[in-house]
Amino acid sequence: MVVHIDKIHFLGAIFSFIILAAVFVLVRERHLKEKYSLAWFLIGLFILVMSIFEGLMDWFGDLIGVYYAPSAFFGLLIACAYLLLLNMSVSISHLKMHNKALTQELGLTKLRFEELEQKVNRSGHD
């Protein structure tokens with residue numbers, strides 16, 4: 001396989017290295033969980049591979065029936081973005097349900113504490 005890199009492929013490779021490095025640093029500094037980093041690593045690697053091997057992008061365009069291969073590439077990246085948004089929506093929904101359960105549990109605990117405090121105050125006066 002012949003590796004031919006022009007300006008746009010070089011920029012794609014640089015962009016993928018930036019994504020990979022940023023994800024690595026974010027995971028290392030615990031700003032990003034490992035389970036979310038996997039998708040970003042895969043996207044970064046995909047962009048890197050597609051940027052380095054020009055023939056692969058043409059092959060992928062032919063595979064899905066798109067004449068202009070970069071359009072197929074951008075279409076795939078947009079699909080990946082939608083999948084990431086769906087993943088984030090699921091995570092936010094889960095966190096919202098968890099937050100609601102914790103708030104209710106805190107309210108019940110506070111109510112029990114106030115009831116116990118009132119019983120203690122009444123027994124102290126008797």
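In what order do the elements of the protein run from the N terminus on? They go α-α-α-α, and the count is 4 helices and 0 strands. Helices here are DSSP runs (H or I) of at least four residues, strands are E runs of at least two, and both are numbered from the N terminus.

A quick word on what you're looking at. This is a predicted model, where local features need pLDDT of at least 70 and side-chain atom pairs count only at pLDDT 80 or more, while totals for chains, interfaces and linings use all residues. Residues are numbered from 1 along each chain as its sequence is written, and side-chain values use heavy atoms, with hydrogens and water left out.

**Overall shape**

Let's start with the whole chain. Its C-alpha trace spans about 90 × 30 × 20 Å along the principal axes. The radius of gyration is 26 Å, whereas a compact globule of 126 residues would have one near 14 Å. That radius is taken over C-alpha atoms, and the globule rule is 2.2 Å times the number of residues to the power 0.38.

How much of the protein counts as buried? The share is 20% of the 126 residues. Buried means under 20% relative accessible area, exposed means over 50%, and partly exposed is in between (1.4 Å probe, protein chains only).

| Residue | Relative accessible area | Class |
|---|---|---|
| Ser-51 | 5% | buried |
| Leu-63 | 54% | exposed |
| Arg-30 | 71% | exposed |

Ser-51 sits in helix H2, which covers residues 34-52. Leaving aside residues up to four places away in sequence, Ser-51 touches His-9, Gly-12 and Ala-13; a contact means heavy atoms within 4.5 Å. What does the side chain of Ser-51 reach at 3.5 Å? It's the backbone nitrogen of Ala-13.

Leu-63 belongs to helix H3, residues 54-64. Pick out Ser-89 as well: Leu-63 and Ser-89 are 26 residues apart in sequence, and their C-alpha atoms are 31 Å apart in space.

Arg-30 is in the loop between helix H1 (7-28) and H2. Its phi is near 60 degrees, a positive value in a residue other than glycine. For background, most residues other than glycine have a negative phi.

Conventions: A polar contact is a pair of N or O atoms within 3.5 Å; within protein, one must be able to donate a hydrogen and the other to accept it, and residues adjacent in sequence count only if both atoms are side-chain atoms.
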